[in-house]
Amino acid sequence: MPSATLQRSHDTRHLTAAAPGTRPTRRGLLAGGLGTAALLGLSACGTGNSTSSADGGSGGTAWSFTDDRGHAVRLPRRPKRIAFLTDSVGAALWAAGLHPVAATDSGQGIVPAVEPDWSGVTKIYSADKGVRLEALAQARPDLLIDAVQPDGTLQVTSQLPEVAKIAPVVGLSTYHSIEQIVGTADRLTRSLGTTLTDGDAKARYQAASTRVRKAIAANRELRVGFVFGIDKNTLGVMNPKTWAVLKTVSALRMNLVPVPGGSANTYSQAVSWENVPSLPADLLVWAVSDPLPDNPLWKRTPAVRAGQLWKPELASWYAYSWENFTVLLDGLATHVHSARAGIGPHSAS
């Protein structure tokens, strides 16, 4: 039975040889120290538009919502009992103010990062079974929220078809920019008759985004690489075309280390340790894995030698909320502002 949150595969290719690498599951990425999130930036395929009654969530007339698959879920009345099938989507909706009757928490720190209120909520995830169908059914949800995978399929429901027999499913993708991911969560929450609770957080996020833009403009030549540990022999360079944070800062004109040949569904490029010191980066951001490398070649990397390295909290990559990503953008603004451009090599060998 698949994990509630963590069944995803990713594409890793070598920077030097462009050969396909392993495809770890999302659960394996975090549990094995590789990190996760894999914010593969597929273009938006759904508008997130919705129509519903305006009676504050008491049912009423017909309700519909077009999800990130481009699939319109239509119900005769606004659903009131909502279940979150994945940590990532659940965190975004919880942060927006939506209170479910059932939800997952796979124990990776994603859900606790948004400080949810578990009162009256059935926990439907177990480490050995993933989503517990019996517990989900007993919660009597009338709408399920699942994550959309890079290929457009639902993460839990596609692997566990019995889930869809319990209630209709809306799919939200975390493979977009920050604004689109959290904005869609806000639209869905509002359509379900819930008052948004993250308005102030959104304003703080927008201010942080402005700070990042100004820091980039003042340090235009700075090259930034987002990296993580794949295994003891390999470093992963995150693809700027796919991860939510990278898509967002790229739009703010951050000069990111490219992934040769990376497309909209390429997770990362693998770099063997002997080539790590040649990464063309002046500032390195260590993402989605623990711990930092204890490798002489890592320590010889120019950005590391210069102290131009930042390691955000691990869970901060996956709790998709305005508040959480404000922390990430503030950290980036600080490090981009203080880093010195030109210390890294100009090309990867």
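A residue is called buried when its relative accessible area is under 20%, exposed when over 50%, and partly exposed in between, as computed with a 1.4 Å probe on protein chains only. The model is predicted, so that local features need pLDDT of at least 70 and side-chain atom pairs count only at pLDDT 80 or more, while totals for chains, interfaces and linings use all residues. Residues are numbered from 1 along each chain as its sequence is written, and side-chain values use heavy atoms, with hydrogens and water left out.

**Exercise 1.** Decide whether Asn324 is buried or exposed, and find which residues it touches beyond those up to four places away in sequence.

*Solution.* Begin with the location: Asn324 lies in helix H9, where helices are DSSP runs of H or I with at least four residues, strands are runs of E with at least two, and both are numbered from the N terminus. Next, Asn324 counts as buried because its relative accessibility is 12%. Finally, taking contact as heavy atoms within 4.5 Å, Asn324 touches Ser316 and Ala319 once residues up to four places away in sequence are set aside.

**Exercise 2.** Describe the span of helix H9 and the elements against which its buried residues pack.

*Solution.* Helix H9 covers residues 322-338, 17 residues in total, and reaches 24 Å from its first C-alpha to its last, close to the 24 Å expected at 1.5 Å a residue; that expectation is 1.5 Å times one less than the number of residues. Its buried residues include Trp322, Phe325 and Leu329, and the buried residues of H9 pack against elements including helix H4 (178-191), helix H5 (199-218) and strand S12 (223-231).
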